[in-house]
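Here is a short report on a protein chain, with its sequence and structure shown below.

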Amino acid sequence: MPVPTVAWHGGLDGRLEIIDQTLLPNEYRLITCDSVQATWDAIKQLKVRGAPAIGIAAAMGVVVGIRDVSPQAPEAQLFAKLHEAANHLATSRPTAVNLFWALDRMKAKAESLRGQGTAAIQAALLAEAKLIRDEDAAMCRAIGRNGARFVPDGGGVLTHCNAGGLATADYGTALAVLYTAAEQGKRFKVYADETRPLLQGARLTVWELMQSGLDVTLICDNMAAQVMKEGRVQMVVVGADRIAANGDAANKIGTYGVAILAREHGIPFYVAAPSSTFDLSIKGGDEIPIEERSDEEVTEGFGRRTAPVGCQVYSPAFDVTPAKYITGIITERGVIEKPNRMRVKAHFRK
């Protein structure tokens, strides 16, 4: 990425800046989130999206919420602002676990410093938000290194939605695997699903890959089966927004169908995600909360009505791919082959 998807400029009195992804690929614009509400709006409205990037934005949004507290103020005032900001940001999107992970981490950091004064806690929270960003960037690179060996040299790879630099602090998750493979000298073709209804694949993934010089072809979501049948795809790799303790993975709506198609055609299906995307408190995918989006995203996509006024709409933003369809989960720690509860647990025990 020419600039980070989510960035903090300056010290405690600095600013939170993001790429407005709702405008891509037609317009590249940086916007400033100068309040907790503006940060909430950016997350809710998908101006910033992708589980890792949402977590980073939320952590920095907490800093936005506490920076105006006087350094000489009682700690109680700071903690009140901290919890007010964190609690509000937590209501923005329910599925991406990185959001809650980052907010919990910021609260835990502040709690660990009780008694050291408001100024010290404020400085530590800014440092922690930046650390969350830096750790994610390092995890992206590690995911790429761990997954590049699966990319078929001379073959084809299909991906769904966007799990690249726009969704993270650096290289992405699923796309990190492809970027690293390309750096290693592999040559392959990428097929990117458009990803209805908001076209994150068409607008974001294709844009990213073209910027990086990779060979990418856009297809409609309902073309995936035909592309697989024609033998154009030898690997599928996607990201994830939450992964349960048994390896079931929630990702953008349509991913489950792609996984079934991959199984039917004998194509390995990989999920690439950092450890922070796992929610080990959830036993299986049935417990993952699925966000429902507004009717208008389906009936009036990008401002033009394409369905009758008053029609009923069902618009889940995510679906869950059962672990049995997943060949492997690629994390910064390594690869969980044929994931199940025992293998996920062993992966985290290492």
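## The largest cavity

Two elements, α2 (51–66) and β9 (249–252), each give at least two residues to the lining of the largest cavity. The largest share, three residues, comes from α2. The model is predicted. The volume of the largest cavity is about 180 Å³. In total, 21 residues line the largest cavity, and R49, G50, A51, N162 and D241 are the closest to its centre.

What is the make-up of this lining by class? It has 10 nonpolar, seven polar and four charged residues.

## The second largest cavity

The structure has three cavities of 30 Å³ or more. The second largest cavity has a volume of about 70 Å³. Its lining includes L46, R93, P197 and L198. Q200, K252, I253 and R293 also line the second largest cavity. So do E297, S315, P316 and A317.

Sorted by class, the lining of the second largest cavity has six nonpolar, two polar and four charged residues.

## The second largest pocket

About 190 Å³ of space lies in the second largest pocket. T22, Q45, L46, L198 and R203 are among the residues that line this pocket. R293, E296, E297, E300, G301 and F302 line the second largest pocket as well. By class, this lining holds three nonpolar, three polar and five charged residues.

## A helix pair

Two packed helices are described by the angle between their axes and the distance between the axes. Helix α4 (residues 97–111) and helix α5 (residues 118–147) pack at an angle of about 145°. Their axes are 9 Å apart. The crossing of α4 and α5 is right-handed.

Which residues make the contact? From α4 come W101, A102, R105, M106, K109 and A110. From α5 come I121, A124, L125, E128, A129, L131, I132 and E135. The contact of α4 with α5 divides into 10 nonpolar, no polar and four charged residues.

## Backbone details

Most residues other than glycine have a negative phi, and most peptide bonds are trans.

The peptide bond from L24 to P25 is cis, and its omega is near 5°. P25 sits in the loop between β2 (15–19) and β3 (30–33). The peptide bond from R196 to P197 is also cis, with omega near 5°. P197 belongs to the loop between β5 (189–193) and α7 (200–211).

Is the phi of C161 positive or negative? Phi is positive at C161, about 65°, although C161 is not a glycine. C161 is found in the loop between β4 (156–159) and α6 (174–183).

## The chain as a whole

The secondary structure comes to 11 helices and 14 strands. Along its principal axes, the C-alpha trace spans about 65 × 55 × 40 Å. What would a compact globule of 350 residues have as its radius of gyration? The value would be near 20 Å, and the chain has 20 Å, so the two agree.

Methods. Residues are numbered from 1 along each chain as its sequence is written. This is a predicted model: local features need pLDDT of at least 70, side-chain atom pairs count only at pLDDT 80 or more; totals for chains, interfaces and linings use all residues. Side-chain values use heavy atoms; hydrogens and water are left out. On a 1 Å grid over the protein atoms alone, a cavity is a set of points where a 1.4 Å probe fits but cannot get out, and a pocket is an open set with protein on both sides within 12 Å along at least five of seven lines; lining residues have an atom within 4 Å of a point. Grid points are joined across faces, edges and corners, and a volume is the space filled by probe spheres set on the points. Ala, Val, Leu, Ile, Met, Phe, Trp, Tyr, Cys and Pro count as nonpolar, Asp, Glu, Lys and Arg as charged, and the others, Gly among them, as polar. Helices (H or I, at least four residues) and strands (E, at least two) are DSSP runs, numbered from the N terminus. Axes are lines fitted to C-alpha atoms, for helices over the stretch in contact, and angles run from 0 to 180 degrees between N-to-C directions. A crossing is left-handed if the near helix is turned anticlockwise from the far one by less than a right angle, and right-handed if clockwise. Contact means heavy atoms within 4.5 Å. The radius of gyration is taken over C-alpha atoms; the globule rule is 2.2 Å times the number of residues to the power 0.38.
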